[in-house]
Amino acid sequence: MFKKILIANRGEIALRVIRAAREMGIESVAVHSTADSDAMHVRMADESVCIGPPSSQQSYLSIPSIIAACEITGAEAIHPGYGFLSENAGFVQIIEDHGLTFIGPTAAHIRIMGDKITAKDTMKELGVPCVPGSDGGVATLEDAKRIGEEVGYPVIIKATAGGGGKGMKVAQTAADMERAFMTARAEGKSNFGNDEVYIEKYLTTPRHIEIQVFGDGKGRAVHLGERDCSLQRRHQKVFEEAPGPSITESERARIGKVCADAMANINYIGAGTIEFLYENGEFYFIEMNTRLQVEHPVTEGIFDVDLVREQIRVASGMDMSFTQENLKINGHAIEVRINAEKLPNFSPCPGKITQYHAPGGLGVRMDSALYDGYSIPPYYDSLIGKLIVHGRDRPEALARLKRALGELIVDGVDTTIPLFHALLEEKDVLTGDYNIHWLEHWLETNLGDA
Ligand code: ADP
């Protein structure tokens, strides 16, 4: 086992990893920008290294600085968290070239899944069901129009290198195709340096269901059920739960096995998420994330496992501490994302926290790097906390969420807390009757969010 690991991230996820390491008796090294000198992850880690100025490009994304921080501190492995360098195959290669260990999958797997066309081709071959659409990239507008007719409108044009909801455009009809095709390409080019796009049937009322998978890199892999992350704004998740209210035990077992077998087949190592759209009882693969997800705690809640601990174990060459047979679901878990954002437009709202009080009690987990007097810097993501609740069943989890939200105090900046108070009054949320468009409609009707 490692003696010391470095966490190439900040905020709540850096704390999450430091906590797992500490329980395992592993020392932790935090890295930080000059804007984060007073950040909680710096205070909580055993050691810290300043790696650059505020801009992410020059700090959290600076590979030479991170490698140098490992060399200075003697850290043997790097946990990337999510975002930043977590899905950067080049980073993994450089880590290995320096005789260090990346706590995550191989560069090859990241590369395959990071290109959505290659990912889809690979998954199709592994027997994972995909959204119907173009086979591979679509080079010209004429081809796009022909495929649009074949697949049937509406269709969605997606940049193969896209992510975070960028590089995706819907064409409702043939007349819409030129605009959608050109914009998706331009967004792919400007955001990801790659203008290759592909086309999928646009599903009109699906749910977003993702399967948590975990592999040991030695041909064994398991699934840890699904999460329903259908409540989204601009393709960004805001409320996640496990198990999915619409998924039966037999469906879970079926799709879970397909995913676990696929991962065993490619010798996948570590945590991964296979994302699907789910409509009329069918699963359609959209993409795979080769990292820990923001919403991983709901899975931890219902399976009573520590996914970060497992990531560190398999990265060090140990076996997973669970098998498919002993992974049993217990109860229901829900996570809401607390962002420093001003409603109704969700504009970022950095600033000084004048008061912070985290909720507590049975079944409540608050993952946050906030503290009284902390100043949220304007340079990074607006996620400032995740409130996760666990109950014996969904109604209990919902009641607990409402109670815990009532205890949570974040003063000094605007947050998304009022949104969740409002959502918990909605019948569809209480019954779990929603699809990926529900929240946008609700925001339009109730907040005038355009
Ligand atoms: P990203 O990598 O940007 O997160 P994804 O491919 O994971 O992109 O898609 C993100 C979201 O976009 C999905 O959760 C869903 O809401 C919507 N989406 C993607 N593909 C489709 C599709 N074929 N039909 C309908 N909605 C889609």
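This is a predicted model: local features need pLDDT of at least 70, side-chain atom pairs count only at pLDDT 80 or more; totals for chains, interfaces and linings use all residues.

How far is an oxygen atom of the ligand from an N or O atom in the side chain of Gln232? I get 2.9 Å for that pair.

Entry 1: Lys116 has a side-chain N or O atom 2.9 Å from a ligand oxygen, and for His235 the corresponding distance is 3.0 Å. I then looked up the cover: of the 560 Å² of accessible area that the ligand has on its own, the protein covers 96%.

**Entry 2: the shell.** The strands that give two or more residues to the shell around the ligand are S6 (155-163), S8 (197-201), S12 (269-279) and S13 (282-289). S6 gives the most, with four residues. I count 21 residues around the ligand in total, and the closest are Lys158, Gly165, His208, Gln232 and Glu287. By class, the shell splits into eight nonpolar, seven polar and six charged residues.

Why does the ligand lie between domain 2 and domain 3? Because domain 2 (132-201) and domain 3 (207-446) both give residues to its shell.

**Entry 3: second largest pocket.** I looked up this one next and noted a volume of about 340 Å³. Helix H9 (residues 249-265) supplies the largest share of the lining, four residues. The lining includes Glu249, Arg252, Ala253 and Lys257. Also on the list are His223, Phe303, Gln324, Glu325, Leu327, Lys328 and Ile329.

**Entry 4: cavities.** How many cavities of 30 Å³ or more are there? The count comes to two.

The largest cavity has a volume of about 40 Å³. Its lining is Ile117, Lys120, Asp121, Lys124, Ser134, Gly136 and Tyr198. Helix H6 (residues 116-125) gives the largest share of that lining, with four residues. Three of the lining residues are charged, two nonpolar and two polar.

For the second largest cavity I also wrote down about 40 Å³. Which domains does its lining draw at least three residues from? Those are domain 1 (4-86) and domain 3 (207-446).

Notes: Residues are numbered from 1 along each chain as its sequence is written. Side-chain values use heavy atoms; hydrogens and water are left out. On a 1 Å grid over the protein atoms alone, a cavity is a set of points where a 1.4 Å probe fits but cannot get out, and a pocket is an open set with protein on both sides within 12 Å along at least five of seven lines; lining residues have an atom within 4 Å of a point. Grid points are joined across faces, edges and corners, and a volume is the space filled by probe spheres set on the points. A residue is near a molecule or strand if one of its heavy atoms lies within 4 Å of it. A polar contact is a pair of N or O atoms within 3.5 Å; within protein, one must be able to donate a hydrogen and the other to accept it, and residues adjacent in sequence count only if both atoms are side-chain atoms. Accessible areas come from the Shrake-Rupley method with a 1.4 Å probe; for residues, only the protein chains shown count as cover. Ala, Val, Leu, Ile, Met, Phe, Trp, Tyr, Cys and Pro count as nonpolar, Asp, Glu, Lys and Arg as charged, and the others, Gly among them, as polar. Domain bounds come from an automatic or database domain assignment.
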